[in-house]
Amino acid sequence: MAEKGQFDGLKDVSNKPFTPEDIRFTQSKDGKTVYAIVLEIPKDGQVTIKSLAANSANWPGKISSVRLVGGSWWNKLKFTRDDNGLHVSLPEKFNGKIAFALKIRS
């Protein structure tokens with residue numbers, strides 16, 4: 001049963017701390033870009049997005065680029081994709097403090 005949120009909506013998170021697996025998504029109107037908002041910085045600099053695995057119905061097509069939104073790191077990130085998920089390597093000197101967004105394009 002869902003818990004009631006602050007503004008009479010439903011609360012979609014628990015009171016537990018977020019992990020790098022806690023990700024929210026939004027998609028562009030043209031369907032060619034998805035933004036993945038990762039709610040916790042991974043300590044090892046690696047993010048795995050299981051819902052974007054190679055065999056996923058969520059994104060069946062090819063992924064051509066993954067970028068970090070904002071800041072000075074607007075370069076393409078290294079990534080691989082397999083049956084376990086989309087694996088993204090964050091920049092070595094990434095200094096995010098809370099959450100970050102990835103721009104993923106077909």
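Me: Two strands count as paired when DSSP finds at least two bridges between them. In which sense do strand β7 (residues 78-82) and strand β8 (residues 85-89) pair, and over how many bridges?

Reply: Some ground rules come before the answer. This is a predicted model, in which local features need pLDDT of at least 70 and side-chain atom pairs pLDDT 80 or more, while totals for chains, interfaces and linings use all residues. Residues are numbered from 1 along each chain as its sequence is written, and side-chain values use heavy atoms, with hydrogens and water left out. Strands of a sheet pair through backbone hydrogen bonds, either parallel or antiparallel. Here β7 and β8 are antiparallel, with 5 bridges. Within the pair, F79 faces V88 of β8. The two strands make a hairpin, with 2 residues between them.

Me: Which elements does the protein contain, and how many?

Reply: Strands are DSSP runs of E, at least two residues long; helices are runs of H or I, at least four; both are numbered from the N terminus. The protein has 0 helices and 9 strands. Read from the N terminus, the order is β-β-β-β-β-β-β-β-β.

Me: In what order do the 3 strands of the open sheet with β7 stand?

Reply: The order is β5-β8-β7, paired antiparallel. β5 and β7 are the edge strands with one partner each, so each has a side without a neighbour in the sheet. Neighbouring strands are turned by 15° against each other on average, direction ignored. Such angles use axes fitted to C-alpha atoms (for helices, over the stretch in contact) and run from 0 to 180 degrees between N-to-C directions. β5 is joined to β8 by 4 antiparallel bridges. There, I49 stands opposite L86.

Me: What is the order of the open sheet of 4 strands?

Reply: That sheet reads β3-β4-β9-β6, again with antiparallel pairing. Its edges are β3 and β6; each has a single partner, so one side of each lacks a neighbour in the sheet. β3 and β4 share 5 bridges and run antiparallel. F25 has A36 in β4 as its bridge partner.

Me: Is V47 buried or exposed?

Reply: Buried means under 20% relative accessible area, exposed over 50%, and partly exposed in between, using a 1.4 Å probe and protein chains only. V47 sits in strand β5 and is buried, at 1%. Contact means heavy atoms within 4.5 Å. Beyond four places in sequence, V47 touches V38, P42, L86, H87, V88, L90 and F100. The C-alpha atoms of V47 and G85 are 9.5 Å apart, across 38 residues of sequence.

Me: Where is S65, and what does S65 contact?

Reply: S65 belongs to strand β6 (residues 65-68). Its relative accessible area is 8%, so S65 is buried. Neighbours within four places aside, its contacts are K76, F79, K103, I104 and R105.

Me: Which residues touch the most other members of the largest nonpolar core?

Reply: In soluble globular proteins, nonpolar side chains tend to be buried together. A nonpolar core is a set of buried Ala, Val, Leu, Ile, Met, Phe, Trp, Tyr and Cys residues joined through side-chain atoms within 4.5 Å. The largest one here has 20 residues, and I49, V66, L86, F100, L102 and I104 touch the most other members. β4 (33-38), β5, β6, β8 and β9 (100-105) each give two or more residues to this core. Across the protein, buried residues make up 30% of the 106 residues. Of contacts between residues at least 6 apart in sequence, 56% join residues at least 24 apart.

Me: Which residue forms a salt bridge with K50?

Reply: A salt bridge puts a side-chain nitrogen of Lys or Arg within 4 Å of a carboxyl oxygen of Asp or Glu. The partner of K50 is E21, with the closest N and O atoms 3.6 Å apart. K50 lies in the loop between β5 (46-49) and β6, and E21 in the loop between β2 (10-11) and β3 (23-27), so the pair ties together parts 29 residues apart in sequence. K50 is exposed at 52%, and E21 is exposed at 56%. The whole structure has 1 salt bridge.
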